2 protein chains.
Amino acid sequence: MNDTLEALERMFNLNSVAVVGAPRTRPPGWPGIFGCIRDFGFQGRLYPVNPAAEEVEGIKAWPNLASLPETVDLVIISVPAPAVPEALRDCITSGNRNVHIFTAGFKETGEEEGIRLHREIEEIARHGKLHVIGPNCMGIHVPSKRFATWVNPSPRSGPLAFISQSGGHSQDFTAFANRIGLYFSKVISYGNALTLDSTDFLEYLAADRETEIITMYLEGVKDGRKLHSLVSEIAPLKPVIILKAGLTEAGTRAVASHTGSLAGGEKLWRGFFRSTGALSAESLEDMAFQALVFRHLKNEPEGLNTVVIGHGGGIAVSAADACSKAGLAMPPLDGATQKKLRPWIPAGGNIIRNPVDAVPVFRDTDMLRGVLQTIADDPAVHMMIVSLSLDWLFDTDQGIQVERVADFLSEEARGSVRGKPLVVSWRSYRNDPRIPEIGQKIESKLLEAGLPVYRSLDWAARSLSRWAGYHLSQKKRAEWEKGREEPRRRACSVYR
Amino acid sequence: MNDTLEALERMFNLNSVAVVGAPRTRPPGWPGIFGCIRDFGFQGRLYPVNPAAEEVEGIKAWPNLASLPETVDLVIISVPAPAVPEALRDCITSGNRNVHIFTAGFKETGEEEGIRLHREIEEIARHGKLHVIGPNCMGIHVPSKRFATWVNPSPRSGPLAFISQSGGHSQDFTAFANRIGLYFSKVISYGNALTLDSTDFLEYLAADRETEIITMYLEGVKDGRKLHSLVSEIAPLKPVIILKAGLTEAGTRAVASHTGSLAGGEKLWRGFFRSTGALSAESLEDMAFQALVFRHLKNEPEGLNTVVIGHGGGIAVSAADACSKAGLAMPPLDGATQKKLRPWIPAGGNIIRNPVDAVPVFRDTDMLRGVLQTIADDPAVHMMIVSLSLDWLFDTDQGIQVERVADFLSEEARGSVRGKPLVVSWRSYRNDPRIPEIGQKIESKLLEAGLPVYRSLDWAARSLSRWAGYHLSQKKRAEWEKGREEPRRRACSVYR
């Protein structure tokens, strides 16, 4: 293991933390870094460093890092920008090399003083061989260690990791993912990337046993070639989903103002996604929704042929358009399959070809079982989407049948029917709070059962398509590799 | 006024309705057409027609249309498909020519019997000069007349009209629009379009004084040339927003199964939108969000230059990308304007160029006023988006400041600041029900004040861009027309 990976191993398994600049009283509006670490219940040794304080929140304060009884796993620097160089020198003197600089006000300001300070701390860090996360960032969040630097993180761990150049996004994305039942092994907000960059975190997470899916929010990358080769090696083993920001002109300018990074051109990044096998996300939501399918679906698809089973004719037409736009194939159901479905689905007011639009089927779970199994038995069908219009189902019996359908799906169709992958979407347009309440209830039930569920068919179709596309192209790649005389030694450099 | 328009005038101002096939008891699962009309409180004369009943829901029933004491403004046919021809003949015999056929099971089934029945009723309708809405549809909804054929419509009227080939969409779209404070003059679900087609309703609504914005869900159109010329004439006076379904191959097939229509190709429709000035919508939500800007913003924009004022660096970058993708321009703020903003917005941790990312500004409404006015005073700025990250604002004081900001915006910035159009977006990712609750509260407040508000910046940017694009291209068209020697007599044929 190289020096950087060793440092990261220590940081992510942290048992001792010093906060340089921990204030005597909490700042107005939020608990501050020190307050957040305490509030979340970090179990390791916590050292406030503040020469002007005897103690901080009842814990003995220390005048500087050199006075601490140990070198710590992580030093967090939270002093005004002009005092950061001095704090870094204190790190070097005291033998502390793992540093998170929270402070902002460096090159991202685009102003002379910020750029000068950036150069100064870069020089100090290089000279002192420091491993620096930041500056201008939230640092790391490790649920299993009860460690976080922000308000209200989840204490629950899970198989996702998130590498984020934005501190706000690291909080927003984890919160949103938590809401749909996705939890994290490690979260990193690394801001201006003074020494440690996305590629370092990526290399570490590639070999991290707690991480199965890697998500990233990138503004700029210092070593594009390294990112390319790393992602190419990791993608076949762990899906890498990337939200690349700053692909527009205005976005590029915003990136420069935010983390002082170079965003890179759109064409270049399109090529990157194509050749590495990474999945591209358009937004935080999109990234979470893609991760949701990877988290739950086990049976790899054999192709893109998808059948939507729902109710409502206009909805069926919209579903067909949405699936096609998302890149899914929607061939009409085989004549024999249609014939088998006919006893359950009368011709008038229903559609049977694909999408299947069949209100009566949702009023009886035995019928629904029969319909789903019949469709799944058609060898030309690869995947299925069940689309629930909650408003309509609600009208029949105030939600009783909706819950029965959810029970049925979570018991009998968790993730697949007869081996064919299945996802669920629901929607409610009505201004009746009881309906989204039922929606949330069935959503929790389905997610708990491991069934990806979405609040719009567009998202369901898009996520399913990305997931299926990933597996199909990885299969193609694997076949191509098998055919080569000298197979590439895969992923050896990232697996230690 | 021609015969068709006269018929529509009578139908939309209906004071007498007959329901052929009103059942003695309500069907299971929903109140039925007759039940819905009663439940909504239609004030006109209502005649159940059912030879097997003495009375329906306490109202005297009639054996057939000929036995009624009057010819009615609208006959609704809700009998099984094979009995529809007989019911239509009863219309002709009794002198009733305005008909809504609710029944499904005609050409949309794609089956022999349905196609035969379709031909039969087409022949009867043509011969009897009937004005038929449907079959296979929900018919009309006129809030001012307390008339509707479905469950839980809104009794409130407003300036939108909706022409929909799908019955489900007519319910879903109006419900969703109601949720964001948009209400309707007339709603039409017209299904298979036996005689009356979208163009007939469009022509009527063009001259309807209660209608200011026309929305449409189209699957197929019989007379494309007529639609083109009508929309071209109407668009400069009333925005026409169209969700065209079936533009993909699978969508085209679904359209055929749903309303038996021919969807037409994507290329053709792209040309249609470009040349008519109609606005294209991607989904029901998109259509409602576009209508929302048209409903509220009064000051026409002078260009596409947009400034986003929010908080959070990653969010600012995403905002820049979202605006650019939506077609808005985001030039950096003028140096002089940046200088004026500097006293309010310190360099460290904030962005000032555009987007403006400034947490402190949202903690003080006086500062927010100053910042908004300074930006609005920059002549290069045409429009503004205020982007609120509720999770973050909530942390500071559990929502007190959020409400203050909403009060400020709804009192002082309703729709514009110093004449520059303004929209608001908010977002919450946190799994804390108190935050979306506050979100809904401020949303109602802002909408009530006439300020378009969105739950994602993507939607805000997209809707603002469509609205601005419409006005800018209409302006260009008008200038071009002015330059012509013989100005086209505009819209004269549709305004009676």
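## A residue in the core

Leaving aside neighbours within four places in sequence, A:Met384 is in contact with A:Thr306, A:Val307, A:Ile309, A:Leu372, A:Ile375, A:Ala376, A:Val417, A:Lys420 and A:Leu422. The model is a predicted one.

A:Met384 belongs to the largest nonpolar core, which has 334 residues. Four of these residues touch the most other members: A:Ala288, A:Met384, B:Ala288 and B:Met384. In soluble globular proteins, nonpolar side chains tend to be buried together.

## Domains of chain A

Chain A is divided into domain 1 (1-136), domain 2 (154-296) and domain 3 (299-475). The centres of domain 1 and domain 2 of chain A, taken over C-alpha atoms, are separated by 24 Å.

The two domains touch. On one side are 18 residues of domain 1 of chain A, in contact with 16 residues of domain 2 of chain A. Three elements of chain A each supply at least two residues to the domain 1 side: helix 1 (3-12), helix 4 (112-127) and strand 7 (131-133). Helix 1 of chain A gives the most, with 4 residues. By class, this side of domain 1 has 10 nonpolar, 5 polar and 3 charged residues.

## How the two chains are related

Two copies of a chain are related by a rotation about an axis and a shift along it.

## Where the chains meet

In the contact between the chains, 60 residues of chain B meet 60 residues of chain A. On the chain B side, the elements giving two or more residues are helix 5 (167-179), helix 8 (249-259), helix 11 (313-326) and helix 14 (390-397). Helix 11 of chain B provides the largest share, 11 residues. The side of chain B that touches chain A has 23 nonpolar, 24 polar and 13 charged residues.

Of the interface residues of chain B, 100% are also interface residues in chain A, so the copies meet through the same surface.

## Helix 14 of chain B

Which residues of helix 14 of chain B are buried? They are B:Leu390, B:Asp391, B:Trp392, B:Leu393 and B:Phe394. Their cover comes from both chains. It includes helix 5 (167-179) of chain A, together with strand 16 (383-389), helix 15 (400-412), strand 18 (420-427) and helix 16 (434-448) of chain B.

Just after helix 14 of chain B comes B:Gln398, with a positive phi of about 60 degrees.

Notes:
Residues are numbered from 1 along each chain as its sequence is written. Chains are lettered from A and ligands numbered from 1 in the order in which they are written. This is a predicted model: local features need pLDDT of at least 70, side-chain atom pairs count only at pLDDT 80 or more; totals for chains, interfaces and linings use all residues. Two residues are in contact if their C-beta atoms, placed from the backbone, lie within 7 Å. Ala, Val, Leu, Ile, Met, Phe, Trp, Tyr, Cys and Pro count as nonpolar, Asp, Glu, Lys and Arg as charged, and the others, Gly among them, as polar. A nonpolar core is a set of buried Ala, Val, Leu, Ile, Met, Phe, Trp, Tyr and Cys residues joined through C-beta atoms within 7 Å. A residue is buried if 20 or more other C-beta atoms lie within 10 Å of its own, exposed if 12 or fewer, and partly exposed in between; C-beta atoms are placed from the backbone. Domain bounds come from an automatic or database domain assignment.
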